[in-house]
Amino acid sequence: GGMCGYDPSTEGNDALTEALFPLLVDSGKSQQDLEGIIDRNAIMDSCMPKEFPGAWGVENVAVEPKFRGRGITDHLFERALAEGRGEGYERAQIMCLNGNLRAEAAWRRAGFELRADYTSPSFQQMFGCPGLKLLVRDL
């Protein structure tokens, strides 16, 4: 299994977009390709919960199917949340696709509570689910 923790203000989606877009422009992609990337990013951003102020980010949670149900996610949360506390954070945030009931149950089991639920028809069309949820907990 795996999980990552990070500072959303310096390593979150906005920082990623800011770092990657100049590279895409320099990559030789056509104007049409770049416009498509911008359009898809705008759809993603329409349902991307804005970071919860001052919260440690947790994401990219995965456990190989044959090892699920053995408490691995709980152990990964312990480590990732301890890292956030060690960095001085008082809260943590995590997102999940709207409708990913297994993930949302794991997040709630780890003490996260729903803070925002973003949906859009364009997001539904592009990703096959209504949108994204933001869950937050104290550390």
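Predicted model: local features only at pLDDT ≥ 70, side-chain atom pairs only at ≥ 80, totals over all residues.
Me: Let's start with the layout. How many helices and strands does the chain have?

Reply: There are six helices and five strands. Going from the N terminus, the elements run β-α-α-α-β-α-β-α-β-α-β. As for extent, the C-alpha atoms fill a box of roughly 45 × 30 × 30 Å along the principal axes.

Me: Let me try another pair. At roughly what angle do the axes of helix 4 and helix 5 cross?

Reply: Roughly 50°, with the axes coming within 10 Å. That angle makes helix 4 oblique to helix 5. Helix 4 passes helix 5 in a right-handed crossing.

Me: Which residues of helix 4 meet which residues of helix 5?

Reply: On the helix 4 side look at T73, D74 and F77; on the helix 5 side, at A106, W107 and R109.

Me: Now pockets. What volume does the largest pocket have?

Reply: About 810 Å³. Once you have a volume, go on to the lining. Here 32 residues line the largest pocket, and N13, L16, M44, M48 and L132 lie nearest its centre. The elements giving two or more residues to that lining are helix 2 (13-26), helix 3 (31-46), strand 2 (55-62), strand 3 (91-97), helix 5 (101-109) and helix 6 (121-127).

Me: Which element gives the most to the lining of the largest pocket?

Reply: Helix 2, with seven residues. If you colour the lining of the largest pocket by class, you'll get 21 nonpolar, five polar and six charged residues.

Me: How about the second largest pocket: what is its volume, and which residues are closest to its centre?

Reply: The second largest pocket has a volume of about 330 Å³. Its lining has 17 residues, and V63, R68, T73, R102 and A106 are the closest to the centre. Strand 2, helix 4 (72-86) and helix 5 each give two or more residues to this lining.

Me: Which element gives the most to the lining of the second largest pocket, and how does that lining divide by class?

Reply: Helix 5 gives the most, with five residues. By class, the lining of the second largest pocket holds eight nonpolar, four polar and five charged residues. To tie this back to the helix pair, T73 and A106 are among the residues closest to the centre of this pocket, and T73 of helix 4 and A106 of helix 5 are also among the residues of the helix 4 and helix 5 contact.

How values were computed. Residues numbered from 1 in each chain as written. Heavy atoms only, no water. 1 Å grid on protein atoms, 1.4 Å probe; cavity = no way out; pocket = protein on both sides within 12 Å on 5 of 7 lines; lining within 4 Å. Points joined across faces, edges and corners; volume = space filled by probe spheres on them. Helix = DSSP H or I, 4+ residues; strand = E, 2+ residues; numbered from the N terminus. Nonpolar A, V, L, I, M, F, W, Y, C, P; charged D, E, K, R; others polar. Axes fitted to C-alpha atoms, helices over the stretch in contact; angles between N-to-C directions. Parallel < 35°, antiparallel > 145°, perpendicular 65-115°, else oblique. Left-handed = near helix turned anticlockwise from the far one by under 90°. Contact = heavy atoms within 4.5 Å.
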